[in-house]
Amino acid sequence: MNPKYTEHNKGKLFFSWGGNRETYSKSDVTFRGKDYNFTIDNITAHDKPKGWHIDYINPVKMTIPQTNFRLGYFVNDHYSITIGVDHMKYVMTQNQTANVTGTINLPLIYNGSDYNGIYTNTPVDFSDETFLTYEHTDGLNYINTEISRFDDISPLFKIANTDKIQVNLTEGFGFGVLYPKTNTKLLGNERHDDFHVSGYGTSLKTGLNITLYKYFYVQAEIKGGYINMQDIRTTISNEDKAAQDFFFLQRIIAFGGIFKI
């Protein structure tokens, strides 16, 4: 009897495309410039979901939703190496009050000079958007490499013919760089929105993979990780930077194909 196609993974190439939702931990964000240096404590942030939408498969608008792309190769039957982009979105919650510590000393001709002063755990209401709007919405791009393990657990479900349907458990570790497009309006400056390599990230994941008719699959994952960005662009001036680090939890559903090469 010929072995089933799904009995061995070594040498197979696979790719996937899907969507995600995120949850973020609170984060201290430090803003530095020529005339200011202050930290906002424990800001809250959320994602910006699109929902089930045609934009996920519209080539012109594929970067609008929160998406995940992955390309990988099985080096043996159980382990794969992949590269991918987790296109997340991070939006500072505007309707919040947070404590600010530091100094702002802008020239009086600047609009933001209204906020000049020394702050010591001073509560600030950020529903006033002239102080700050801050988001990574095109997006919080985590460009990463993952090493993952796959295990066929079809026997647990009494599946005999895995070439029709196969159930796999997967776990993995990832690391990479953050290449956000940060949309910021800070202290009356004009809006700044540009791509910039800002830091690094690491992540762990676990998921369930269901492969159908050998070549197609759907995969659900939970991915948690840590992001550290110490070089975030905030205005047109190279002197103006922000820094923050936080944890994230990502829920992913992806669709893909797997082929022997």
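The side chains of Asp86 and Arg70 meet in a salt bridge, 3.6 Å from N to O. Asp86 lies in strand E6 and Arg70 in strand E5, so the pair ties together parts that are 16 residues apart in sequence. A salt bridge here is a side-chain nitrogen of Lys or Arg within 4 Å of a carboxyl oxygen of Asp or Glu. Strands are DSSP runs (E, at least two residues), numbered from the N terminus. Asp86 is buried, at 0% relative accessible area. Arg70 counts as buried too, at 8%. The cut-offs are under 20% for buried, over 50% for exposed and in between for partly exposed (1.4 Å probe, protein chains only).

This is a predicted model: local features need pLDDT of at least 70, side-chain atom pairs count only at pLDDT 80 or more, and totals for chains, interfaces and linings use all residues. Residues are numbered from 1 along each chain as its sequence is written, and side-chain values use heavy atoms, with hydrogens and water left out.

**Salt bridges**

The count comes to 10 salt bridges. Three of them are set out here.

| Pair | N to O distance |
|---|---|
| Arg21 and Asp47 | 2.7 Å |
| Glu221 and Lys205 | 3.0 Å |
| Asp86 and Arg70 | 3.6 Å |

Glu221 and Lys205 form a salt bridge. That pair links distant parts of the chain: Glu221 sits in strand E14 and Lys205 in strand E13, 16 residues apart. Both Glu221 and Lys205 are buried. Salt bridges with shared partners join Arg70, Asp86, Glu146, Lys205, Glu221 and Lys223 into one network.

Arg21 and Asp47 also meet in a salt bridge. This pair spans 26 residues, from Arg21 in strand E1 to Asp47 in the loop between strand E4 (45-46) and E5. Arg21 is partly exposed, with a relative accessible area of 38%. Asp47 is buried, at 6%.

**Cavity and pocket**

How many cavities of 30 Å³ or more does the whole structure hold? The search finds 1. A cavity is a set of points, on a 1 Å grid over the protein atoms alone, where a 1.4 Å probe fits but cannot get out. A pocket is an open set with protein on both sides within 12 Å along at least five of seven lines. Lining residues have an atom within 4 Å of a point. Points are joined across faces, edges and corners, and a volume is the space filled by probe spheres set on them.

The largest cavity holds about 300 Å³. Its lining has 28 residues; Phe14, Phe150, Asn209, Tyr217 and Gln219 lie nearest the centre. Strands that each supply at least two lining residues include E1 (12-24), E5 (67-74), E6 (79-92), E13 (199-212) and E14 (216-233). By class, the lining has 8 nonpolar, 12 polar and 8 charged residues. Ala, Val, Leu, Ile, Met, Phe, Trp, Tyr, Cys and Pro count as nonpolar, Asp, Glu, Lys and Arg as charged, and the others, Gly among them, as polar.

The second largest pocket has a volume of about 210 Å³. Among its lining residues are Lys34, Asp35, Tyr36, Tyr110, Asn189 and Glu239. Its lining has 5 nonpolar, 3 polar and 4 charged residues.

**A hairpin**

Strands E11 (residues 181-186) and E12 (residues 192-195) pair in the antiparallel sense over 4 bridges. Pairing requires at least two DSSP bridges between the strands. Thr182 has Asp194 of E12 as its bridge partner. The hairpin has 5 residues between the strands, and Leu187 takes a positive phi near 50 degrees.
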